[in-house]
Amino acid sequence: MKPMNFTRRRVLVTGASSGLGLEMARQLANRDQADLVLVARRLDRLNELKAELEGSTGIHCQVIAADLSKPQDVDRVFAEASAAGEIYGVILNAGVTHFGKHLDMEWSGFESMLATNVTSVVRLVNLFTPYLISQGREGGIMLVSSMAGLLPLPFQAAYAGTKAFITNFAQSLSEELRGEPVSVTVFSPGGIDTDMTRSSKLNYFENTSLLQDATSCARDGLAAMQSRQVIHVPGRLNRAQLFATRLTPRRLITRIAGVTYRKALKAGEAGQGKTA
Ligand SMILES: NC(=O)c1ccc[n+]([C@@H]2O[C@H](COP(=O)([O-])OP(=O)(O)OC[C@H]3O[C@@H](n4cnc5c(N)ncnc54)[C@H](OP(=O)(O)O)[C@@H]3O)[C@@H](O)[C@H]2O)c1
């Protein structure tokens, strides 16, 4: 298959109201003049982005306010997006985490995380993959996972579980779809400087080399999707860390991560985090 070419194509981005999704939407509009379908819960933010991008680039944005933890909203996203025009690329980026002790998370919070990070992603893949194949335009789907899908992550235990699902699901599906006119990419960043890290006790890591800026992370993700990579971890530091973990017993990796995140959690609880 040829590399993807987003120029003047229509691309759907979930979680476009902030962070990585917002940056990917901006780059698709500014660099590729791609028309966009912007999906998230916060309609005001999506409308602001639509006004910004339509005003500066002349592209067209469709806004769909949807809560992806609700099955009916997920199906509506596919129905409304595909009815309004042909889709070429699908970026399933929306996600939530819980930073803290697993047992401190409300059960409803876990259910909502599972529905958003896993069920909605699989449902949208099931709806969009046959659609993209039937269009026959060699489109692509990108699932945003995390390095937490490749390594254990104490104090984000359920989140790491959801991302491990996404990573394995996407890599397996990509092989099943070999020969079909659609590619599946899984994008697995390490920490990114977004609301997810800023507004939680994870802001302990703010202004450290451990967080990648959202603009460069978005650029790396779009490049991976464009070149139809099956899996991509952005950033040399992240890739070096991952390489080092191959030579280290998993027990030790889990312990080191546990010590680091316990410190971050304690700092946050003691009010030493910057915005917690
Ligand atoms: N930040 C990191 O360190 C990091 C690292 C690796 C991977 N990631 C992954 O990157 C992706 C984007 O995260 P981010 O860092 O950009 O975080 P963010 O700034 O908090 O953005 C999360 C996005 O997901 C949307 N979202 C959350 N729950 C939703 C729901 N129920 N329905 C619809 N949309 C929902 C949010 O929009 P609304 O609130 O408006 O609905 C928002 O646009 C996530 O999948 C995350 O797991 C993040």
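This is a predicted model: local features need pLDDT of at least 70, side-chain atom pairs count only at pLDDT 80 or more; totals for chains, interfaces and linings use all residues.
Reader: Which residues come nearest to the ligand?

Author: A residue is near a molecule if one of its heavy atoms lies within 4 Å of it. Here 31 residues are around the ligand, and Ser-18, Arg-41, Asn-93, Tyr-159 and Thr-194 come nearest. By class, this shell has 12 nonpolar, 14 polar and five charged residues, with Asp, Glu, Lys and Arg counted as charged.

Reader: Which side chains have a polar atom by an oxygen atom of the ligand?

Author: A polar contact is a pair of N or O atoms within 3.5 Å. An N or O atom in the side chain of Ser-18 is 2.6 Å from a ligand oxygen; for Arg-41 the distance is 2.7 Å, and for Arg-42 it is 2.8 Å.

Reader: In what sense do β2 and β3 pair?

Author: Strands (E, at least two residues) are DSSP runs, numbered from the N terminus, and two of them pair if DSSP finds at least two bridges between them. Strand β2 (residues 35-40) and strand β3 (residues 61-65) pair in the parallel sense over five bridges. Leu-38 stands opposite Val-63 in β3.

Terms used. Residues are numbered from 1 along each chain as its sequence is written. Side-chain values use heavy atoms; hydrogens and water are left out. A polar contact is a pair of N or O atoms within 3.5 Å; within protein, one must be able to donate a hydrogen and the other to accept it, and residues adjacent in sequence count only if both atoms are side-chain atoms. Helices (H or I, at least four residues) and strands (E, at least two) are DSSP runs, numbered from the N terminus.
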